[in-house]
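These are my notebook entries on a single structure.

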Amino acid sequence: MKDLRKNKNKTQQQLAVDMFQSREYISKQEGGERKIPPVSTKYFIEKYNNPWLALEAVNEYVGWGISRLEGPEVEEDDFLLQLLLEEELQKAINVLANVNLTAKLHDKHSIKIHDIRKSAEIMTGVIHFSTLYLATVCEGYEINWLKLWKDHHQTLYSKRLLN
């Protein structure tokens, strides 16, 4: 949260006023003493089209989720992210060809269960890198994160995949 605030050239006091919170509370959120509330994540998404805080908050609240790549092998290179996503998508296409979810499996140790487990592991990578890609593109090219998701949900409703 601190990095996002500083990127917007805001002081803790300015952010506190904008968000109707105390400066002390903002300080505790930034320092990890308090969890970042949903209202803060919503604020950053709506006001600054920045989904990163929301993704970090999911990790904080549920203990899993999408994390930004920050390891020693990662540079500030969006093309690397695209290549990683392409690699994961290709692996997913290949492994999904071996999976048949309509078959009833009686032996939990069969080769089919191994294929299904492998597909789940690969799909975790696809979801992770896809979400990072989407957040990076939305932030870098000023594509509205919330509008994308609202439009996506509208498409699902129109296809009668959601009620």
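I count two residues as in contact when they have heavy atoms within 4.5 Å of each other. The model I examined is predicted.

**Entry 1. Helices α4 and α5**

I began with the residues through which α4 and α5 meet. On the α4 side I listed Pro 38, Ser 40, Thr 41, Phe 44 and Ile 45. On the α5 side I listed Leu 53, Ala 54, Ala 57 and Tyr 61. Sorted by class, this contact has seven nonpolar and two polar residues, and no charged ones.

I then looked up the geometry of the pair. Helix α4 covers residues 38–48 and helix α5 covers residues 52–62. Their axes are 9 Å apart, and the packing angle is about 160 degrees. Angles over 145 degrees count as roughly antiparallel, so α4 is roughly antiparallel to α5. I noted the crossing of α4 and α5 as left-handed.

**Entry 2. Helices α2 and α3**

I next examined helix α2, residues 12–19, against helix α3, residues 23–30. These two pack at an angle of about 110 degrees, with 8 Å between their axes. The range for roughly perpendicular is 65 to 115 degrees, and α2 is therefore roughly perpendicular to α3. From α2, the contact is made by Gln 12, Gln 13, Leu 15, Ala 16 and Met 19. From α3, the partners are Arg 23, Ile 26, Ser 27 and Glu 30. By class I recorded four nonpolar, three polar and two charged residues in the contact of α2 with α3.

Is Gln 12 buried or exposed? Gln 12 has a relative accessible area of 16%; the limit for buried is under 20%, so Gln 12 is buried. This residue is in helix α2. Leaving out residues up to four places away in sequence, Gln 12 touches Arg 5, Arg 23, Ile 26, Ser 27 and Glu 30.

I then turned to Gln 29, which is in helix α3. Gln 29 counts as buried because its relative accessibility is 3%. With residues up to four places away in sequence again left out, Gln 29 touches Met 1, Gln 21, Arg 34, Lys 35, Ile 36, Pro 37 and Ser 40.

**Entry 3. Nonpolar cores**

Which residues form the largest nonpolar core? I found 12: Ile 45, Trp 52, Ala 54, Leu 55, Ile 66, Leu 81, Leu 85, Phe 129, Leu 132, Ala 135, Cys 138 and Trp 145. The elements that give two or more residues to this core are α5, α6 (78–96) and α7 (111–140). The largest share, four residues, comes from α7.

Apart from neighbours within four places in sequence, Cys 138 is in contact with Asn 49, Ile 143, Trp 145 and Leu 148. I also noted another core, lying apart from the largest one, with 11 residues. Among them are Met 1, Leu 15, Ile 26 and Phe 44.

**Entry 4. The loop between α6 and α7**

I looked up two residues here. Val 99 lies in the loop between α6 and α7, and at 18% relative accessibility Val 99 counts as buried. Leaving aside neighbours within four places in sequence, I found Val 99 in contact with Asp 115, Ile 116 and Ser 119. Val 99 and Ser 119 are 20 residues apart in sequence, and 7.6 Å separates their C-alpha atoms.

Asn 100 is also placed in the loop between α6 and α7. Asn 100 is partly exposed, with a relative accessible area of 40%. Asn 100 and Ile 113 are 13 residues apart along the chain, and their C-alpha atoms are separated by 9.9 Å.

**Entry 5. Positive phi values**

Phi of Phe 20 is near 60 degrees. Phe 20 is in the loop between α2 and α3 and is exposed, with a relative accessible area of 78%. Phi of Glu 142 is near 55 degrees. Glu 142 lies in the loop between α7 and α8 (145–158) and counts as exposed at 72% relative accessibility.

Notes
Residues are numbered from 1 along each chain as its sequence is written. This is a predicted model: local features need pLDDT of at least 70, side-chain atom pairs count only at pLDDT 80 or more; totals for chains, interfaces and linings use all residues. Side-chain values use heavy atoms; hydrogens and water are left out. Axes are lines fitted to C-alpha atoms, for helices over the stretch in contact, and angles run from 0 to 180 degrees between N-to-C directions. Angles under 35 degrees count as roughly parallel, over 145 as roughly antiparallel, 65 to 115 as roughly perpendicular and the rest as oblique. Ala, Val, Leu, Ile, Met, Phe, Trp, Tyr, Cys and Pro count as nonpolar, Asp, Glu, Lys and Arg as charged, and the others, Gly among them, as polar. A crossing is left-handed if the near helix is turned anticlockwise from the far one by less than a right angle, and right-handed if clockwise. Buried means under 20% relative accessible area, exposed over 50%, partly exposed in between (1.4 Å probe, protein chains only). A nonpolar core is a set of buried Ala, Val, Leu, Ile, Met, Phe, Trp, Tyr and Cys residues joined through side-chain atoms within 4.5 Å.
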